[in-house]
Amino acid sequence: MRLKDKGIIVTGGASGIGEATIRRAVAEGARAVIADMNAEAGEALAAELGDEKARFVRVDVTRSEDVAALFREAADFCGVDGVFNNAGVGGLCPAVDYTDEDWQHIIDINLSGVFKVAREAMRHMQEHGGSIVNCASILGHLGQSETAAYTAAKGGVLNLTRTLALEGAAKGIRVSSISPGYIKTPLLEVLDQETLDFLTDLHPVGRLGRPEEVANAAVFLMSDEASFITGADLLVDGGFAAGKS
Ligand SMILES: NC(=O)c1ccc[n+]([C@@H]2O[C@H](COP(=O)([O-])OP(=O)(O)OC[C@H]3O[C@@H](n4cnc5c(N)ncnc54)[C@H](O)[C@@H]3O)[C@@H](O)[C@H]2O)c1
């Protein structure tokens, strides 16, 4: 089992890619903390997996005090060996129509939230090391119309990952990122069928990704099998980027 006896935190763990990662991590022997704003879904998942294996902690990743409390509770429940820094939001808007608030909302969650969680993770991993996996996106590598804040945040996550990897290396703290292509999760539910068909065609494999396919990569990067991987980004994109580079 890849994560036997490890303690794992997954932010955004109550839905989509995060939920799939929680399920896979527990199946691989981890004890896991489901960290999310959505208490109803998070509590239900924790109850399904059982008290011994999973615990829900309500957290807003934009709030440093929530994040500190999350790590205190996780340290007590399971220890902090791996963190999947995955909570995020989407949203489509032409750049000229963005309000300051809309811009800030996405940057706060998708970039500052990732930093706040990684910072606290590194504080907790100073003595024994660990693995932090940040969720970036194919849109951290490529531009796309009407996603100015999202693409800026995800591009930021990629380079933040490299810097944190350099700072953590001597302490045995690995920091890497995953860049999913389009994955069929509730995040895409706002899109109409025409848009989904268009997005599907961007993937040479001819389909959207499944949350489990990103979860597999997150579990691998949090496991000791990835012991020489840090500062790297892993594309999980059905070949999307291959035709663009
Ligand atoms: N679905 C895709 O196509 C896709 C593609 C590339 C990258 N991603 C990234 O994958 C990650 C997960 O996305 P998903 O598709 O599973 O989305 P999702 O909407 O299914 O899940 C996101 C979860 O994050 C939680 N969340 C949102 N804001 C939060 C906050 N401030 N604090 C704590 N939790 C919060 C939500 O409650 C939700 O449970 C995101 O970072 C997203 O940008 C998704």
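**The ligand and its pocket**

The shell around the ligand is made up of 16 nonpolar, nine polar and three charged residues. That comes from a predicted model, and the shell counts 28 residues around the ligand. Closest in are S15, D36, Y150, I183 and T185. Two helices show up here, with α1 and α5 each giving at least two residues to the shell around the ligand.

On the nitrogen side, a polar side-chain atom of D60 lies 3.0 Å from a nitrogen atom of the ligand. V61 takes part through its backbone, where a polar atom is 3.0 Å from a nitrogen atom of the ligand. As for oxygen, a ligand oxygen atom is 2.6 Å from an N or O atom in the side chain of Y150. And how much of the ligand does the protein bury? Taken alone, the ligand exposes 830 Å², and the protein buries 92% of that.

The lining of the largest pocket has 46 residues, and G88, V89, G90, Y150 and L187 lie nearest the pocket's centre. Y150 turns up again here, being listed both among the residues nearest the centre of the pocket and among the closest to the ligand.

Key
Residues numbered from 1 in each chain as written. Predicted model: local features only at pLDDT ≥ 70, side-chain atom pairs only at ≥ 80, totals over all residues. Heavy atoms only, no water. 1 Å grid on protein atoms, 1.4 Å probe; cavity = no way out; pocket = protein on both sides within 12 Å on 5 of 7 lines; lining within 4 Å. Near = heavy atom within 4 Å. Polar contact = N/O pair within 3.5 Å; in protein donor to acceptor, adjacent residues only side chain to side chain. Areas by Shrake-Rupley, 256 points an atom, 1.4 Å probe, with all protein chains shown as cover. Helix = DSSP H or I, 4+ residues; strand = E, 2+ residues; numbered from the N terminus. Nonpolar A, V, L, I, M, F, W, Y, C, P; charged D, E, K, R; others polar.
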